[in-house]
Amino acid sequence: MGGHGHGHGEPYKVPDASMYKVENVPKLVEVREALARQGLRDPWLRNEVWRYDAKQFGTHATRLRAFMLRGFVWGLGLTAITVACEAALGGDDHHGHGHGEHGGH
């Protein structure tokens with residue numbers, strides 16, 4: 001009943017960590033060298049390599065664009081439906097209230 005049945009395998013494949021090499025990312029090589037000049041070392045720098053794999057994860061610009069536009073089509077469609085419903089139902093026109101048109105208020 002429900003849940004994950006046996007025999008289906010993993011829903012994802014965890015990539016081998018050895019595929020992420022700092023040497024493949026020039027920006028991270030610069031960071032590593034700058035740290036080395038100060039006598040420092042970042043043992044977790046390899047964890048940032050995936051961010052620069054444009055084939056698998058896109059560029060920073062494509063990820064930003066996807067984030068900003070996510071839901072835009074649905075939002076635009078729902079806005080159009082809302083405006084059409086307001087126009088069709090002839091909602092109350094509240095424009096201009098409080099601008100002196102009722103005299104003594």
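Hi everyone. Starting at the N terminus, the elements of this chain run α-α-α-α, which comes to four helices and zero strands. Helices here are DSSP runs of H or I with at least four residues, strands are E runs of at least two, and both are numbered from the N terminus.

A word on the source: this is a predicted model, where local features need pLDDT of at least 70, side-chain atom pairs count only at pLDDT 80 or more, and totals for chains, interfaces and linings use all residues. Residues are numbered from 1 along each chain as its sequence is written, and side-chain values use heavy atoms, with hydrogens and water left out.

How much of the chain is buried? Buried residues make up 8% of the 105 residues; buried means under 20% relative accessible area, exposed over 50%, and partly exposed in between, with a 1.4 Å probe and protein chains only.

Let's go inside. The largest nonpolar core has seven residues: Tyr 20, Val 22, Val 25, Leu 28, Val 29, Leu 45 and Val 49. A core here is a set of buried Ala, Val, Leu, Ile, Met, Phe, Trp, Tyr and Cys residues joined through side-chain atoms within 4.5 Å. Leaving aside neighbours within four places in sequence, Val 49 is in contact (heavy atoms within 4.5 Å) with Tyr 20, Lys 21, Val 22, Val 25 and Leu 28.

Now the charges. The structure holds two salt bridges, each a side-chain nitrogen of Lys or Arg within 4 Å of a carboxyl oxygen of Asp or Glu. One joins Glu 23 and Arg 32 at 2.9 Å, N to O, and Arg 32 is partly exposed at 34% relative accessibility. The other pairs Arg 51 with Glu 48 at 2.5 Å, N to O; Arg 51 is partly exposed at 39%, as is Glu 48 at 30%.

Next, helix H4, residues 72–89. Its 18 residues reach 26 Å from first C-alpha to last, close to the 26 Å expected at 1.5 Å a residue, that is, 1.5 Å times one less than the number of residues. Of those 18 residues, the number buried is zero, so H4 lies largely in the open. After H4 comes Gly 90, with a positive phi near 60°.

Finally, which residues make the nonpolar surface patch of about 780 Å²? They are Leu 64, Phe 67, Met 68, Leu 69, Phe 72, Val 73 and Leu 76. Helices H3 (60–69) and H4 each give two or more residues, and the largest share, four residues, comes from H3. Patch residues have over 30% relative accessible area and no salt bridge, with nonpolar side chains (Val, Leu, Ile, Met, Phe, Trp, Tyr) joined within 5 Å and like charges within 9 Å. Areas come from the Shrake-Rupley method with a 1.4 Å probe; for residues, only the protein chains shown count as cover.
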